[in-house]
Amino acid sequence: MSSGKINVSVENIFPLIKKFLYSDHEIFLRELISNATDATLKLKHLTSIGEAKVEYGNPKIEVKIDKEGKKLHIIDQGLGMTLEEVEKYINQIAFSGAEEFLEKYKDTAKDSGVIGHFGLGFYSAFMVASKVEIITKSYKDEPAAHWSCDGSPEFTLVPTDKKERGTEIILHIAEDSLEFLEEGKIKGLLTKYNKFMPIPIVFGTKQEALPKPEDAPEDYKTEYKEVENIINNPNPAWTKQPSDLKDEDYKSFYRELYPMQFDEPLFHIHLNVDYPFNLTGILYFPKLAADLQIQKDKIQLYQNQVFVTDNVDGIVPEFLTMLKGVIDSPDIPLNVSRSYLQADGNVKKISNYITRKVSDKLKSLFNENRADFEAKWNDIKIVLEYGMLSEPKFYEKAGDFVLYPTIDEKYYTLEELKEQLKATQTDKDGKLVVLYASNKEAQHSYIEAAKEKGYEVLLLDSPIVSHLIQKLEADNENLTFARVDGDVIEKLIQKDDAQLSKLSDEEKESLKSVIEAIVPKEKYSVQLEAMESKSAPFLITQPEFMRRMKEMSQTGGGGMFGMGNFPEMYNLVVNTNSELATSILNTENEEVKAGLVKQALDLAKLSQGLLKGEELTSFVKRSFETLR
């Protein structure tokens, strides 16, 4: 028997505290399961290279609760420890077993999957235990060891008669941590942190149906047997080669990750890189609503199949945090912190790689089956548009696959769109005018007017479209976007119609004065335009610049794109060739004249969805009066 004090020196106590100053004590189970996995994978490697002359077999990790004894057991069938190794790795906690192992076998252990830092991680057990025991038997032909410590520097270490290879950790759960003796709690933690550990984890038992005998009677009742309950999947899809997986395998794994998600993913991207860093994973594009209030934190980060976090900001480009799936990298530590992520060069490389991989996959999907890609466009566009705004590297590649749909459900890339519109939609300044609607129903009359002229109208209805078109215009000198109910379309109409006004300059001035006296000056700028006589007599448009600024401020809401509030300003475009313009000008009764202007203004407002509340009530009442 030996006894003594654990060797904790000033040099190593501070890294220890820093590494394990966890905000949540539940991490202890992740650390101990990781240690057990390490021990098992180390044995697998040593047997594979012939250094361990034992049979590896089919090892497992067992987790058992002894509620009456207030104990929690974690048992593995890994390489175990000798008395000397317990002294070294447990009592002298400045050493790290995993680090030393990797250094010793660095040429052959590259793919051994060793996870943690045994000597340090083990001590997280004392966050929930008043006493911890280790009963361990090495794969070497040496006596087993029994170590015990009550949380103080005092320990005991004695030989014991354990016959089976491996290690059993016994935690005597402290009075303030008895929740960790509840089956539901432990099962939840194992599922959260160890769902995809590479070694089978057994926790409790389950009932399994026996096969029905061939000569079973009609009233045969199914019989069951009790079997070990393996709660993890040691070989998840992301650890396999893409060539070994079918589409159904990816969908099945998606359901395993998100059992409460009923929609199928639109498509997946399998990540697999080993230089200049190690990274594997599968990302899924789910169906997304066309707004920015999308639930994030659905991508799970793992380190060698050990769950780390579902907050992947800094690792995954921001626009892709709307996706779902798994990323696994041994180059990211288990105890991830925001300051670490911001400082680590590998993390930025990982982020750039994921951006490039997603871009390449989208381009491939577009080229291989454009019709299918177009059919899915509305479900993925918010992610891609956001990516164009937030990631320069993604924006560079986006021209190959980002689509611009029309009202009539035709889809163009930007270059295709330019080619399509250059003959018909060029303004007097030589700029290509891309007309678009943001609401197909509300802007119907404007859309129809544009289509009658032979113009192509896009349907761009995402909440960040104002930001996107501003960027596109900045990068394309002779391109301008105009909403179909905006003031830029007037230039196209004038250019095409080349109408002469039926009114003289003096009559136009008189008409403008009449209308300005009735229409609120602070909200409307009256403009007289000579258009076809059948065109709407009054048309409300909004200055493109003011409308965009207003939309951008609303999109931001003080957050991502917040820019403050902008006033409501509109143009009231009066068709001087309409019969109504002539009637207003020639009517002598001031009350009737005012009534014509107000009615026409209300009709124009109604077509823009601007007539609401008391104004709408008055309009309806006035309309019925006219009918009577």
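A: A crossing is left-handed if the near helix is turned anticlockwise from the far one by less than a right angle, and right-handed if clockwise. The crossing of α19 and α20 is left-handed. The model is predicted, so local features need pLDDT of at least 70 and side-chain atom pairs count only at pLDDT 80 or more, while totals for chains, interfaces and linings use all residues. Residues are numbered from 1 along each chain as its sequence is written, and side-chain values use heavy atoms, with hydrogens and water left out.

Q: What makes α19 and α20 roughly antiparallel?
A: Helix α19 (residues 579–586) packs on helix α20 (residues 590–607) at about 150°, with the axes 9 Å apart. Angles run from 0 to 180 degrees between N-to-C directions, and axes are lines fitted to C-alpha atoms, for helices over the stretch in contact. Angles over 145 degrees count as roughly antiparallel, under 35 as roughly parallel, 65 to 115 as roughly perpendicular and the rest as oblique. The pair α19 and α20 is therefore roughly antiparallel.

Q: Which residues of α19 and α20 meet?
A: L580, S583, I584 and L585 of α19 meet K593, L596, V597 and A600 of α20, contact being heavy atoms within 4.5 Å. By class there are six nonpolar, one polar and one charged. Here Ala, Val, Leu, Ile, Met, Phe, Trp, Tyr, Cys and Pro count as nonpolar, Asp, Glu, Lys and Arg as charged, and the others, Gly among them, as polar.

Q: Why is α17 called roughly perpendicular to α20?
A: The axes of α17 (residues 505–518) and α20 come within 10 Å and cross at roughly 75°. That angle makes α17 roughly perpendicular to α20. V514, I515 and I518 in α17 meet K593, A594, V597 and K598 in α20; this contact holds five nonpolar, no polar and two charged residues.

Q: What makes α11 oblique to α15?
A: Helix α11 (residues 377–390) and helix α15 (residues 465–475) have axes that come within 10 Å and cross at roughly 50°. That value makes α11 oblique to α15. The crossing is left-handed. E385, M388 and L389 in α11 meet H467, L468, K471 and L472 in α15, giving four nonpolar, one polar and two charged residues.

Q: Why is K70 called partly exposed?
A: Buried means under 20% relative accessible area, exposed over 50% and partly exposed in between, with a 1.4 Å probe and protein chains only. The relative accessible area of K70 is 34%, so K70 is partly exposed. K70 is found in the loop between β2 (61–66) and β3 (71–76), and its phi is positive, near 55°.

Q: Is E409 buried or exposed?
A: E409 has 60% relative accessibility and therefore counts as exposed. The residue sits in the loop between β15 (404–405) and β16 (411–412), with a positive phi of about 65° although it is not a glycine. Most residues other than glycine have a negative phi.

Q: Which residues touch the most other members of the largest nonpolar core?
A: A nonpolar core is a set of buried Ala, Val, Leu, Ile, Met, Phe, Trp, Tyr and Cys residues joined through side-chain atoms within 4.5 Å. In the largest, of 65 residues, they are I74, F122, W147 and L171. Helix α2 (residues 27–48) gives the most to this core, with ten residues.

Notes: Helices (H or I, at least four residues) and strands (E, at least two) are DSSP runs, numbered from the N terminus.
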